[in-house]
Amino acid sequence: MRRRVVWLITFAGGLYFLLEFLLPEQAPAWLGGFKNPLTPYLTDATNFIVVVGTMAFLLGPFNLLRGHLGTLLRLRKGWFESAVFVVFLTISIVAAADRPDEGKSGAGFAHLAGLVYNALFYGVLTAFFASSMALLAFYLVSAAHRAFRVNSVETGLMMAAATVILLGQVPLGDWMTQGLPKFLQFPTMAQWILAVPNTAVQRAVLIGACGGAFATGVRLWLGIGKRQD
Amino acid sequence: MTHPLSIWAGAIVTLAVFSYLARDNPFYRLVQQAALGASVGIGLVIAWQQILAPMWWTPIRTALDGTGDARGAWWLLALVPGALWYFQFSKKYFWLSTLVSGLFVGVAAGLAFKGQILLIMPQIGASLKPLNPFAGPEGFTWTALAQCLSNLVFLVGMFTTLLYFFFSIKTDNRWFATPIRVGRIMIMISLGAMFGSTVMTRMSYLIERLQFLYEIWLKPLLPS
Amino acid sequence: MTRWLAKLHNLNPRWLYLATAVLLLVPLVTMIPMPRSDISGAVRGLYDMIEACPPDGIVLIDSSWDAGSQSENKAELKCVVRHLCRRKIRFVVISTVTPFCPEFAGQVIEPIAKEAGYVYGRDWTNMGYIQANTGLAVVIEGLARDFHKMRQADVHGTPVDQLPLMKDVRSIRDLYLVYSVTYSPGTEWISFVKGQFGTPVAFGCMSIMAPSYYAYIDSGQLSGMLAGNRGAAEYEALLQHPDLGTKLSMAASFGNAAVILAALVGNLGLWAALRMRRRAA
């Protein structure tokens with residue numbers, strides 16, 4: 001019974017949007033000329049989906065708090081890191097909620113909240129996530145040194161294409177080949193590789209993946225082959 | 001952003017993250033937890049301020065106090081499916097959360113049909129490329145010939161890739177061995193292009209951070 | 001010589017990290033003149049699209065990037081906004097990926113808009129964050145049909161009907177162009193905007209994602225694309241205003257050279273190590 005209810009809700013959700021797409025905006029005169037009855041409610045439906053989806057915003061923080069507070073209160077290993085998490089979570093909620101409006105400096109507590117918010121947003125958050133991504137550049141260089149081995153025709157072609165793209169997308173490539181005919185310059189070769197063989201492969205993959213996406217969509221919509229509870 | 005507190009905080013956090021290259025250390029872990037706490041906290045407040053408050057809470061509040069459209073009170077009903085998400089934490093009533101996640105799966109599937117049709121049909125049409133260099137408005141030109149040769153490479157690449165991936169033909173079949181090999185070569189060229197682009201992106205992350213450290217943090221401190 | 005090359009095969013990666021950082025600091029510390037780049041078709045497409053925009057045209061910018069992708073998306077947003085301001089084209093900004101995106105967008109757009117004499121609310125608005133975790137398609141369908149119902153207030157909380165610009169923007173039919181700049185712009189913009197309504201769409205994406213979007217450039221579903229800092233540098237060359245994209249792509253020359261050299265050194269080191277092993281055997 002539970003499984004049927006879940007299946008029904010899944011099916012109804014998909015059916016609305018699918019029918020809204022398949023039914024014409026206005027039916028031909030011989031069919032009565034009626035307008036698509038589902039379109040007027042489309043914005044309300046999408047608003048509803050966005051609001052209900054956003055209501056899950058406490059799931060992640062609740063899970064994290066549960067874990068960290070448990071570690072902190074029982075003084076388990078790593079309790080200091082959990083304390084840092086809880087402290088910064090609290091400070092950021094207060095700072096974000098009490099900061100002054102954009103363009104205003106605020107007074108008293110609001111001004112302090114604005115300062116703290118900017119330090120957290122630009123200083124801590126931005127710097128951490130940007131720097132974490134920057135670590136990948138270092139690992140890429142060490143991977144290039146250790147793992148990029150040219151030991152067959154195909155890998156040689158792959159590395160050659162990569163080298164042309166790497167040099168063709170930066171001014172260094174322009175500088176290296178500036179004296180050569182246009183079709184032999186790195187930027188031209190890089191654009192050709194991206195526009196012709198790369199596009200051909202990407203399109204073939206897209207067309208093939210479309211079939212897979214349809215099959216997965218039908219499977220999910222009709223609940224075929226998986227349990228709903 | 002230009003306040004010294006933000007700049008110094010950014011520099012310290014950046015150097016703490018880079019210290020991970022030497023080895024995992026407590027300084028990095030503390031900064032990691034601080035950033036996680038800050039991002040969760042700020043994300044919570046913004047999600048309320050920019051979505052739930054204007055789209056859900058304000059219509060309810062104005063309907064109940066008579067200053068807005070009375071139909072806004074219907075948004076109270078959104079609490080029912082919204083609250084179902086939190087039954088994920090209950091072992092006994094977990095199935096209730098599958099009601100709302102099932103709704104979203106259904107919606108995504110329904111929209112996926114529409115999205116795929118509108119996305120792929122023009123792709124198939126655009127694959128029909130001219131191969132005759134004499135058929136252009138100016139007749140034969142070397143540019144038209146070069147374009148037609150590129151189109152030929154395109155068509156060969158597309159069909160051999162489809163052959164390699166999707167049509168389940170044995171690779172030792174003598175009629176298809178060569179086209180499948182060509183398909184593999186085209187895929188390797190495309191992978192090389194994707195790898196080159198990946199390097200560009202990864203390097204840009206590091207360049208941006210070094211630019212911040214040098215131009216925004218360090219340069220103003222150096223004697224001019 | 002072979003022994004020296006073989007030592008390179010077992011190089012401690014921390015020396016490579018240091019060498020990379022030092023190499024990348026060189027172009028940031030000293031300006032090295034490099035030749036100007038040619039303009040690719042994808043960049044030219046977006047530029048021509050904005051050049052052809054009528055005076056009353058309104059552009060929708062989906063600025064959905066934050067700290068994780070600011071290294072390339074910031075330059076891509078900056079140059080296009082500068083072009084829009086130069087041509088006095090009005091624009092609306094939204095964000096769909098994370099709640100932090102509107103703040104990053106405002107940080108870039110505000111100084112450029114102010115310099116161009118733009119008035120917030122009349123010439124441009126930042127409509128803030130719309131949660132698209134449940135599906136970008138859901139958000140686009142809502143925006144496309146009734147913008148005001150989907151976004152009832154801007155990022156500062158000002159009701160949408162109090163913003164003069166938004167009186168002219170009710171649905172996708174009121175927009176001249178949609179420009180989505182993020183790590184990986186969703187193809188839903190292509191399906192649900194270009195495919196359904198015919199409104200042109202352009203992307204500003206990270207270099208890593210660019211190869212997968214060339215198929216849409218080829219089919220005409222995308223009117224233009226800025227791929228990473230190279231795309232931004234080309235756009236800045238068209239505007240004759242070298243800025244962040246040009247500076248960062250200069251530095252990228254050294255970064256790419258570092259990777260190519262590392263691969264070369266690694267392969268040479270392995271070849272030398274294998275040769276020494278064969279000699280010893």
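In chain B, four residues of domain 1 are in contact with five residues of domain 3 (contact: C-beta atoms, placed from the backbone, within 7 Å). The domain 1 side comprises two nonpolar, two polar and no charged residues. Here Ala, Val, Leu, Ile, Met, Phe, Trp, Tyr, Cys and Pro count as nonpolar, Asp, Glu, Lys and Arg as charged, and the others, Gly among them, as polar. The model is predicted; local features need pLDDT of at least 70, side-chain atom pairs count only at pLDDT 80 or more, and totals for chains, interfaces and linings use all residues. Residues are numbered from 1 along each chain as its sequence is written, with chains lettered from A and ligands numbered from 1 in the order in which they are written.

Chain B is divided into domain 1 (1-68), domain 2 (82-126) and domain 3 (130-224). These bounds come from an automatic or database domain assignment. The C-alpha centres of domains 1 and 3 of chain B lie 38 Å apart.

Between chains, 93 residues of chain A are in contact with 89 residues of chain B. Helix H5 (109-147) of chain A is among the contributing elements. H5(A) gives the largest share of the chain A side, 22 residues. Helices (H or I, at least four residues) are DSSP runs, numbered from the N terminus. By class, the chain A side has 68 nonpolar, 20 polar and five charged residues.

In chain C, the axes of helix H1 (residues 2-9) and helix H11 (residues 244-280) come within 7 Å and cross at roughly 120 degrees. Axes are lines fitted to C-alpha atoms, for helices over the stretch in contact, and angles run from 0 to 180 degrees between N-to-C directions.

Terms used
Helices (H or I, at least four residues) and strands (E, at least two) are DSSP runs, numbered from the N terminus. Two residues are in contact if their C-beta atoms, placed from the backbone, lie within 7 Å.
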